[in-house]
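Please load the model in your viewer and keep the selection tool at hand. The tour below goes from one selection to the next and says what is there.

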Amino acid sequence: MAESDTVIAQNSASGFRRRGVLFVLSSPSGAGKSTISRKLLADDPGLTMSVSATTRPMRPGEQDGVDYHFVDLPKFKEMVANHEFLEWAHVFDHRYGTPRAAVDRVLASGNDVLFDIDWQGAQQLYQIAGGDVVRVFILPPSMVELDRRLRARATDPSDVIDRRMARAQSEIAHWDGYDYVLVNDDVEACFRNVRTILHAERLKRSRQTGLIGFIRKLNTPV
Ligand code: 5GP
């Protein structure tokens, strides 16, 4: 998707037509990103989650088509070959990708899109959709706390958690590829900050494509 192809969303808070926001939330696993995503989606009917495809096995409690589209490797490769992904990457021995068609549909319907993707995805999305992308990175308050949260979650075996901790370090090293970096030491406060960022970004002049017509009318002598 070239920048100019990004579909224009309707009904900005100020009443003008505006470009849709591609809102990326990244963090190491366990930093609270999923909780914040859930709260944002519950709070904001104008925001729709992008459901990624992945080759990783389903975890207990996950639902196909809701948490991810769970696909096997041949299917994933076929989707790559057919250019069905807006971006895709290897994460923890598995592949993850953002299906393009669903994002286009959401933007065309006038909603903004929320992405829970890693730094590689954020980078690729930024390359293709530039100014329409807002990148937010969420940091844990400390590595000790991150380790505690991952173990409390108890969805992964201990060796997987150790690898997630190692990967967290390299994920955090990409903090400077983001527009906003927040520390999640209080999930409610962090959520409010993320929501504020989304609201302010929607109001940016560069997104208000309907503004020119309005200014023209204002400048017309009465
Ligand atoms: P998990 O396996 O814990 O659900 O996700 C592992 C990591 O993959 C997370 O950091 C998540 O943000 C990232 N991820 C999930 N979907 C995508 C995707 O479509 N593209 C990219 N680049 N990363 C993704």
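A polar contact, as the term is used here, is a pair of N or O atoms within 3.5 Å, and within protein one of the two must be able to donate a hydrogen and the other to accept it. Bear in mind throughout that this is a predicted model.

With that definition in hand, select the side chains of D132 and R19, which are joined by a polar contact of 2.8 Å. D132 itself belongs to the loop between α4 (119–129) and β10 (133–139). Is D132 buried or exposed? Its relative accessibility is 2%, and because buried means under 20%, D132 counts as buried.

Next, select the ligand, which sits in the largest pocket, and display its surroundings: 17 residues surround the ligand, the closest being S52, R56, Y68, Y96 and D116. By class, the shell around the ligand divides into six nonpolar, four polar and seven charged residues. If you then colour the strands, look at β7 (85–91) and β8 (94–99), each of which supplies at least two residues of that shell.

For R56, a polar side-chain atom lies 2.6 Å from an oxygen atom of the ligand, while for S52 the corresponding distance from a polar side-chain atom to a ligand oxygen is 2.7 Å. For R164, an N or O atom of the side chain is 3.3 Å from an oxygen atom of the ligand. Finally, show the surface of the ligand: on its own it has 510 Å² of accessible area, of which the protein covers 94%.

Terms used: Residues are numbered from 1 along each chain as its sequence is written. This is a predicted model: local features need pLDDT of at least 70, side-chain atom pairs count only at pLDDT 80 or more; totals for chains, interfaces and linings use all residues. Side-chain values use heavy atoms; hydrogens and water are left out. A residue is near a molecule or strand if one of its heavy atoms lies within 4 Å of it. Accessible areas come from the Shrake-Rupley method with a 1.4 Å probe; for residues, only the protein chains shown count as cover. On a 1 Å grid over the protein atoms alone, a cavity is a set of points where a 1.4 Å probe fits but cannot get out, and a pocket is an open set with protein on both sides within 12 Å along at least five of seven lines; lining residues have an atom within 4 Å of a point. A molecule sits in a cavity or pocket if more than half of its atoms lie within 2 Å of its grid points. Helices (H or I, at least four residues) and strands (E, at least two) are DSSP runs, numbered from the N terminus. Ala, Val, Leu, Ile, Met, Phe, Trp, Tyr, Cys and Pro count as nonpolar, Asp, Glu, Lys and Arg as charged, and the others, Gly among them, as polar. Buried means under 20% relative accessible area, exposed over 50%, partly exposed in between (1.4 Å probe, protein chains only).
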